[in-house]
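User: I am new to this structure. Please take me through one part of it closely.

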Amino acid sequence: MMFKGKRKYVTFGLGVAFLLAAFYNGLTVRNYAVESDKLEAGQSFRVVLLSDLHGYSYGDDQRVLIDKVRDQAPDLIALPGDILDRFRSPDASFELIEGLQGIAPMYFVTGNHEIDGSDDFVRHDVKDVFRSYGVTVLENETASINVNGVDVLVGGLEDPLRTYTENIHGSWEETALISLGDVDTETAFSLLLSHRAEQVETYAALPFDLVLSGHAHGGQVRIPYLLNGLYAPDQGFFPKYAGGLYEHETFTHVIGRGFNYSVSVPRVFNPPEIVVIDVAGTGAPQ
């Protein structure tokens, strides 16, 4: 009887631990390593990827999130969309961008929420607000930067919703290929920001080494080692590209699982994450 009683408490304790782990929603740092022969051996730079904040707030003036990003010592901060949310005030999003000033150069592309905005958005030109805080806003274009002695070409695609709101018969894929298909990436390491995780065929047709996306929210529900995601926008159930690092034939794709948290739509084994990507060189000295 005593043994059965102890077993009951152990089972209860394991159940509580499982639930705490499953519904843990504290900020997590996720690290990935990417190698490239476009960098000399010994050269490297660090990118912090912040996607899908959806206007969520982490402490007064976003201090918790900002301090966590600063602790990662990034060389570049990538913001591939849905930093704002059409159902929430933009204030928390603007606080984050303001607080990130001076940590590292920031690059932003729109997600669907920055385009399909609420009345709050109408009162702001979101891109101009971001620019006022030193963010480089990319609109189907590229920008060059030298990071730790490494030439990096940063490209950015507007969210497909921009194409469809301007021309319902327009083709986002065609726009992407016309805008960035002929970019010279022969020598510089090339990085592409584009919100949609699932647009892999289009990314494969572009000449970029590393693509950074969001939108999938980690598939919302995960089961470690068994299920990487239950459901993602525009992919449906059991999404192929829920979150993580994916190696393709011509490029590496990193998909952030985002920051948004809601009690009504809980994240399971899928805590909000800051993504840290270390790009390291394997090439011969020039």
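Which residues of helix 3 are buried?

Analyst: First, the ground rules. This is a predicted model, in which local features need pLDDT of at least 70, side-chain atom pairs count only at pLDDT 80 or more, and totals for chains, interfaces and linings use all residues. Residues are numbered from 1 along each chain as its sequence is written, and side-chain values use heavy atoms, with hydrogens and water left out.

Now the helix. Helix 3 covers residues 91-100. Helices here are DSSP runs of H or I with at least four residues, strands are runs of E with at least two, and both are numbered from the N terminus. The buried residues of helix 3 are A92, S93, F94, L96, I97, G99 and L100. Buried means under 20% relative accessible area, with a 1.4 Å probe and protein chains only. Seven of the 10 residues are buried, so helix 3 is largely enclosed by the rest of the structure.

What surrounds them? The buried residues pack against helix 2, strand 3 (76-79), strand 4 (106-108) and helix 6 (126-132). Contact means heavy atoms within 4.5 Å.

Take helix 2, residues 63-71. Its axis lies 10 Å from that of helix 3, at an angle of about 35 degrees. Axes are lines fitted to C-alpha atoms, for helices over the stretch in contact, and angles run from 0 to 180 degrees between N-to-C directions. From helix 2, L65, I66, V69 and R70 meet E95, L96, G99 and L100 of helix 3.

The end of the helix has its own detail. Just after helix 3, G102 takes a positive phi of about 85 degrees.

Key: Buried < 20%, exposed > 50% of the residue type's maximum accessible area, 1.4 Å probe, protein only.
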